[in-house]
Amino acid sequence: MACDICGAIGTPLNDLLPSYQTAEIKALCPACEKEVNAKSMQLMTWAQRIRESLTKRFMQERKGMLFSKKPAPKEAP
Ligand SMILES: [Zn+2]
């Protein structure tokens with residue numbers, strides 16, 4: 001058995017959680033696992049910032065929709 005990313009042999013392998021497995025990548029050596037975990041944490045931080053930002057935008061847009069003044073009907077010439 002070899003690491004499914006770097007191909008290292010003679011190293012312990014850790015199975016990925018099923019939700020992270022691909023057709024070709026199912027088990028990683030400790031070095032690859034460390035890199036993947038670091039990237040996953042970075043992506044989680046970015047995703048959290050995007051989620052917070054989009055939720056704030058949604059709230060402001062909803063507030064704007066609820067309290068926006070409707071345009072006055074145009075008077076006939
Ligand atoms: Zn590896």
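The following dialogue explains how several descriptions of this predicted model are reached.

Mentor: In this predicted model, local features need pLDDT of at least 70 and side-chain atom pairs count only at pLDDT 80 or more, while totals for chains, interfaces and linings use all residues. Residues are numbered from 1 along each chain as its sequence is written.

Trainee: What makes up the pattern of the protein chain, read along the sequence?

Mentor: The pattern is β-β-α, with 1 helix and 2 strands. Helices (H or I, at least four residues) and strands (E, at least two) are DSSP runs, numbered from the N terminus.

Trainee: How do you know what span is expected of helix α1?

Mentor: The expected span of a helix is 1.5 Å times one less than its number of residues. Helix α1, residues 30–67, has 38 residues, and the expected value is 56 Å. From first C-alpha to last, α1 reaches 55 Å, which is close to that expectation.

Trainee: Why is Ala31 called partly exposed?

Mentor: A residue is buried if 20 or more other C-beta atoms lie within 10 Å of its own, exposed if 12 or fewer, and partly exposed in between; C-beta atoms are placed from the backbone. Ala31, which lies in helix α1, has 13 C-beta neighbours inside 10 Å and therefore counts as partly exposed.

Trainee: Why is Leu17 called exposed?

Mentor: Leu17 has 7 other C-beta atoms within 10 Å, so Leu17 is exposed. Leu17 lies in the loop between β1 (14–15) and β2 (27–28). Its C-alpha is 20 Å from that of Ala47, 30 residues away in sequence.

Trainee: What makes α1 hardly covered?

Mentor: The count of buried residues among the 38 residues of α1 is 1. In the protein chain, buried residues make up 5% of the 77 residues.

Trainee: How do you know how the radius of gyration of the protein chain stands against that of a compact globule?

Mentor: The radius of gyration is taken over C-alpha atoms, and the globule rule is 2.2 Å times the number of residues to the power 0.38. For 77 residues, a compact globule would be near 11 Å, but the protein chain has 25 Å. Its C-alpha trace spans about 85 × 20 × 20 Å along the principal axes.
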